[in-house]
Amino acid sequence: MIFGILKPYPSPLITGRGIDLDFPFLAGCMALLGLGLVMITSASSEVAALQSGNTLYHMIRHLFYIVLGLVACVLTMMVPIATWQRLGWLLLIGAFGLLVMVLLPGIGREVNGSMRWIGFSFFNVQPSEIAKVFVVIYLAGYLVRQQKEVRESWMGFFKPFIVLLPMAGLLLMEPDFGATVVMMGAAAAMLFLGGVGLFRFALMVALAVGAVFVLVQAQPYRMARLITFTDPWSDQF
């Protein structure tokens, strides 16, 4: 079964014509990474000097994660698109498993009242970040497989929410409202690009706005985050 899932396909990165990359897009990504590194260095040098005696501590740490991320990016791009489509449902199950694990006492790590991390000996994992990526992979495969149904029927439109709503519920149990909004927003954008009818999309947006309003009102700290920009100096830290 595993060998069937990992059946080889042509790599989307290396083709018979050489390396197939969108170089302007890559340049933009690298520019953003460089800008972020400069900002991290500028904002953290004094704190790093006080905490570790090395003004470049946080810059070096951030640079390490950038390199790690770039290596992961290259390895990911070496995997054929068809393989990701075949692995989508397994990744989705893995995402659910991680979101359940983080809520279990003794496994999930509570910080400031939220159970968002799974702690290991020398690093922490935030399952919500992994789950967001896995949901995108699964939903992309679904939209490719069920393109006609998604465009023409209500059932094709509603099926993804059978997966998305329970996952959103798990995220809210942590609680991680931000990750929930990002995940559902990404899913909505993908459904729109996948050809969902305008009426169905408008209905989904209206329901989503209503749900966000209710959830924001349910917790005072969420409302405080939304209105912080009106008085940014009221809580500088």
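Predicted model: local features only at pLDDT ≥ 70, side-chain atom pairs only at ≥ 80, totals over all residues.
Strands β4 and β5 run antiparallel and are joined by two bridges.

β4 and β5 belong to an open sheet of three strands, ordered β3-β4-β5 with antiparallel pairing. The edge positions are held by β3 and by β5 (124–125), each of which pairs on one side only. In general, the strands of a sheet pair through backbone hydrogen bonds, in either a parallel or an antiparallel manner.

Glutamate 110 has methionine 115 of β4 as its bridge partner, and valine 111 stands opposite serine 114 in β4. The hairpin of β3 and β4 has two residues between the strands, and asparagine 112 there takes a positive phi near 55 degrees. Most residues other than glycine have a negative phi.

**Helix packing**

| Helix pair | Angle | Axis separation |
|---|---|---|
| α4 (residues 81–101) and α7 (residues 154–173) | about 25 degrees | 9 Å |
| α7 and α8 (residues 177–193) | about 170 degrees | 9 Å |
| α9 (residues 198–218) and α10 (residues 220–227) | about 110 degrees | 5 Å |

Helices α4 and α7 pack at an angle of about 25 degrees, and are therefore roughly parallel to each other. Their crossing is left-handed. On the α4 side the contact is made by Leu92, Ala95, Phe96, Leu99 and Val100, and on the α7 side by Val163, Pro166, Met167, Leu170 and Leu171. By class, the residues of this contact comprise ten nonpolar, no polar and no charged.

Helix α7 also packs against α8, at an angle of about 170 degrees, which makes α7 roughly antiparallel to α8. From α7, the residues in this contact are Phe157, Pro160, Phe161, Leu164, Leu165, Met167, Ala168, Leu171 and Leu172; they meet Phe177, Ala179, Thr180, Met183, Met184, Ala187 and Leu191 in α8. The contact of α7 with α8 holds 15 nonpolar residues, one polar and no charged. Met167 and Leu171 of α7 are listed in the contact with α4 and also in the contact with α8.

The loop between α7 and α8 contains proline 175. The peptide bond leading from glutamate 174 to proline 175 is cis, with omega near -5 degrees. Most peptide bonds are trans.

For α9 and α10, the angle is about 110 degrees, and this makes α9 roughly perpendicular to α10. Here Leu215, Val216, Gln217 and Ala218 of α9 meet Pro220, Arg222, Met223 and Leu226 of α10. Sorted by class, the residues of the contact between α9 and α10 are six nonpolar, one polar and one charged.

**Confidence**

Across the protein chain the mean pLDDT is 83, with 87% of residues at 70 or more. Confidence is highest in helix α5 (residues 127–145), at 90, and lowest in helix α1 (residues 2–5), at a mean of 45. Residues 1–8 have pLDDT below 50, and in the model this stretch has eleven contacts beyond near neighbours in sequence.

Note on methods: Residues numbered from 1 in each chain as written. Heavy atoms only, no water. Pairing = 2+ DSSP bridges. Helix = DSSP H or I, 4+ residues; strand = E, 2+ residues; numbered from the N terminus. Axes fitted to C-alpha atoms, helices over the stretch in contact; angles between N-to-C directions. Parallel < 35°, antiparallel > 145°, perpendicular 65-115°, else oblique. Left-handed = near helix turned anticlockwise from the far one by under 90°. Contact = heavy atoms within 4.5 Å. Nonpolar A, V, L, I, M, F, W, Y, C, P; charged D, E, K, R; others polar. pLDDT = per-residue confidence, 0-100.
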